[in-house]
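Please find below a short note on the model under review. It is arranged as numbered points.

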Amino acid sequence: MKIAVINFSGNVGKTTVARHLLMPRIAGVELITVESLNADDGQAHALRGRQFGELQEYLQTVDNAVIDIGASNVEELLALMRKYRGSHEDFDCFVVPTVAALKQQQDTIATLAELALLGVPASRLKLVFNMVDDGVELAQAFDTVLAFIAEQPLAMANTACRLGANEIYERVKGTGSDLARLAADETDYKALIGRASAAADKLALAQKLATRRLARGVVPELDACFAALGLLLAPALPGMSTSAP
Ligand SMILES: Nc1ncnc2c1ncn2[C@@H]1O[C@H](COP(=O)(O)OP(=O)(O)O)[C@@H](O)[C@H]1O
Ligand SMILES: [Mg+2]
């Protein structure tokens with residue numbers, strides 16, 4: 001299973017979706033960040049043809065990968081995909097996170113249209129509605145992109161593929177923490193807080209407790225969103241037995 005997470009827009013949750021929605025739920029998967037291919041000097045560069053060639057070759061050598069494509073690279077990547085005709089077939093699915101801001105919905109529409117033009121079928125092009133605020137009607141908040149898809153069904157727009165706005169993602173950003181592991185943490189923070197004498201220690205423990213609570217709340221939501229994507233329903237690879245021995 002090779003999944004590209006892509007959108008012309010930044011800040012729609014590509015990295016969050018790759019790290020917290022997809023990675024933990026696909027066994028033996030590797031995360032490839034296209035931005036990091038050329039970020040050695042800390043500057044964003046265009047993805048070059050040679051690197052794309054290398055990425056394609058590399059993808060042939062792994063079974064499971066999630067490719068997080070930074071927004072600065074999307075245009076170049078799509079241009080290269082046009083050049084390397086058929087290279088989109090290396091991906092089982094393109095997951096396109098989107099948020100409700102109008103500019104981002106418009107960029108999302110442009111992304112879907114480009115991928116469809118490359119030949120990606122709607123069944124392999126899936127939206128994730130991200131940062132959906134509590135109490136907000138999804139169909140209303142995302143009416144621009146949903147109206148487009150109603151008219152041109154280029155992608156799967158299952159409204160169950162949704163993630164609420166949650167501060168846990170900011171809390172764990174850059175820590176490499178796995179949310180399921182945080183949720184499973186059985187530390188008795190209340191007891192530790194009671195025993196700690198310094199206020200700073202109490203506060204640090206209280207923050208860990210709060211993070212665990214948020215993690216416990218968000219993991220079921222991530223599970224439901226992932227299930228709604230239906231990624232694991234893809235046909236088994238040739239040679240793999242699907243029946244019990
Ligand atoms: N569902 C969410 N709730 C709250 N914050 C989120 C959510 N998804 C993403 N974010 C935050 O929004 C910012 C942009 O997300 P990120 O995944 O880095 O987007 P991208 O990779 O598309 O640029 C990050 O600070 C991230 O922590
Ligand atoms: Mg990112």
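1. The model is predicted, and the comments below should be read accordingly. Its six-stranded open sheet is paired in parallel fashion, in the order β2-β3-β1-β4-β5-β6. The edges are held by β2 (30-33) and β6 (162-164); each has a single partner strand, so one side of each lacks a neighbour in the sheet. On average, neighbouring strands of this sheet are turned by 20 degrees against each other, direction ignored.

2. Within the sheet, β4 (residues 93-98) and β5 (residues 125-132) run parallel and are joined by five bridges. Threonine 98 has phenylalanine 129 of β5 as its bridge partner.

3. Two helices that pack on the sheet deserve mention. Helix α4 (residues 102-118) touches β4 and β5, and its direction makes about 165 degrees with that of β4. Helix α10 (residues 199-229) touches β5 and β6, and the direction of α10 makes about 165 degrees with that of β6.

4. Which residues are the closest to ligand 1? They are Gly13, Lys14, Thr15, Thr16 and Tyr169, out of 15 residues that surround ligand 1.

5. As to where this shell comes from, α1 (14-22), β5 and α7 (168-172) supply at least two residues each. The greatest contribution is that of α1, with three residues.

6. By residue class, the shell around ligand 1 comprises seven polar, five nonpolar and three charged residues.

Conventions
Residues numbered from 1 in each chain as written. Chains lettered and ligands numbered in written order. Predicted model: local features only at pLDDT ≥ 70, side-chain atom pairs only at ≥ 80, totals over all residues. Pairing = 2+ DSSP bridges. Helix = DSSP H or I, 4+ residues; strand = E, 2+ residues; numbered from the N terminus. Axes fitted to C-alpha atoms, helices over the stretch in contact; angles between N-to-C directions. Contact = placed C-beta atoms within 7 Å. Near = placed C-beta within 6 Å. Nonpolar A, V, L, I, M, F, W, Y, C, P; charged D, E, K, R; others polar.
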